[in-house]
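User: I have a sequence and its model open. Can we go through some of it step by step?

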Amino acid sequence: MSRRVVRQSKFRHVFGQAAKADQAYEDIRVSKVTWDSSFCAVNPKFLAIITEAGGGGAFIVLPLVKVWQIPDYTPVRNITEPIITLEGHSKRVGILSWHPTARNVLLSAGGDNVIIIWNVGTGEVLLSLDDMHPDVIHSVCWNSNGSLLATTCKDKTLRIIDPRKGQVVAERFAAHEGMRPMRAVFTRQGHIFTTGFTRMSQRELGLWDPNNFEEPVALQEMDTSNGVLLPFYDPDSSIVYLCGKGDSSIRYFEITDEPPFVHYLNTFSSKEPQRGMGFMPKRGLDVSKCEIARFYKLHERKCEPIIMTVPRKSDLFQDDLYPDTPGPEPALEADEWLSGQDAEPVLISLRDGYVPPKHRELRVTKRNILDVRPPSGPRRSQSASDASLSQHTLETLLQEIKALREQVQAQEQRITALENMLCELVDGTD
């Protein structure tokens, strides 16, 4: 009689639990756009959701990417102007990803099959990868230090790209043989975890070594559902969570160096399907409750937190669950990264709980329109008196614009000062 050997893992008993109803965000009209995106982004301070716009259309940024400066507290006024507008894509933008270690470096990818890497501090295009993808880009992921990209494309090819050299350093055609979209993320070991579909439309997951794309490290079939599996990878625990669009469950696996390399842990199930999902960074979790992951599940008209916990009896800090984790501070400046430097993320300890730093203002260096002088000569035939009058009118308008700008800046400074006072009062009452 044989006895089954249970694999030892501290994450074997991880369980998920939906937050109470009073902790959910109600009456949110989640976007109905068909783009296979998570529709949600979250950090320790804010939750962002793509919503349905008035008139029946989703809010989609067409050929522009806009960067917004959000105060540390809930704004008391609507924000109607972005801090900077990035112009470069010719079709809608569906993918945005911040560089993991360099300040103000943002990647965008759109329906024009182009990847653009920006310095949002200046509004400049640092790099444009416009000849590497012949069809729609489905996903883009940085590796841990931001030196490489993993991309998937409608042409069924998984690519590893060095963006600064503008080269595809490795690629694998038909990592998953189905025609439905693939997704790919880097693991902490430098492997690539992928989700996709078989030729028979079964959902499938894979683990690949980019140094040897001939055979997968692991390849597992899952089920016949048609929702795209969105992978959320936690490098601290090496757990990957799979959230299918339209599913009502979250499956999670642990990736190790032991066969079969991708180990099934458990499934969190609920009654209602998910339209999207947000994933909280580790520094935003409650370490006193042994919380190792938190999701924000998007329903049709609400957002529901889902908490993943490792059951522990001790109230002490669990060192094995919470190694030092990437913090919000960059390790490099944008020009340092562009020049070829690499650096690992700056790590922080969660032993005493994460305390967000004071509000860091994004400073954008833009050209002042008042510094632009009119051409020295007249653009059309005119008399000397007309020219003098035009010059006088132009100078007057410039002076008025400058005065109005100074008034606006003074008001903005006053608003900022009041906002900081409010923030300090709020922090003092926590």
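This is a predicted model: local features need pLDDT of at least 70, side-chain atom pairs count only at pLDDT 80 or more; totals for chains, interfaces and linings use all residues.

User: What is the bridge partner of T194 in strand 17?
Analyst: Strand 16 covers residues 192–197, and strand 17 covers residues 203–208. The two run antiparallel and are joined by six bridges. In strand 17, T194 is partnered by G206.

User: Is T151 buried or exposed?
Analyst: T151 sits in strand 12, residues 149–153. Buried means under 20% relative accessible area. T151 has 0% relative accessibility, so T151 counts as buried.

User: Which side chain makes a polar contact with the side chain of T151?
Analyst: Leaving out residues up to four places away in sequence, T151 touches several residues, including I115, H133, V140 and L158. A polar contact needs N or O atoms within 3.5 Å. One side chain makes such a contact with the T151 side chain, at 2.8 Å: H133.

User: How far apart in space are Y241 and L230, C-alpha to C-alpha?
Analyst: Y241 belongs to strand 20, residues 239–244. Y241 is buried, with a relative accessible area of 0%. L230 is among the residues Y241 touches, as are F232, Y252 and M308. Y241 and L230 are eleven residues apart in sequence, and their C-alpha distance is 8.1 Å.

Terms used:
Residues are numbered from 1 along each chain as its sequence is written. Side-chain values use heavy atoms; hydrogens and water are left out. Two strands pair if DSSP finds at least two bridges between them. Helices (H or I, at least four residues) and strands (E, at least two) are DSSP runs, numbered from the N terminus. Buried means under 20% relative accessible area, exposed over 50%, partly exposed in between (1.4 Å probe, protein chains only). A polar contact is a pair of N or O atoms within 3.5 Å; within protein, one must be able to donate a hydrogen and the other to accept it, and residues adjacent in sequence count only if both atoms are side-chain atoms. Contact means heavy atoms within 4.5 Å.
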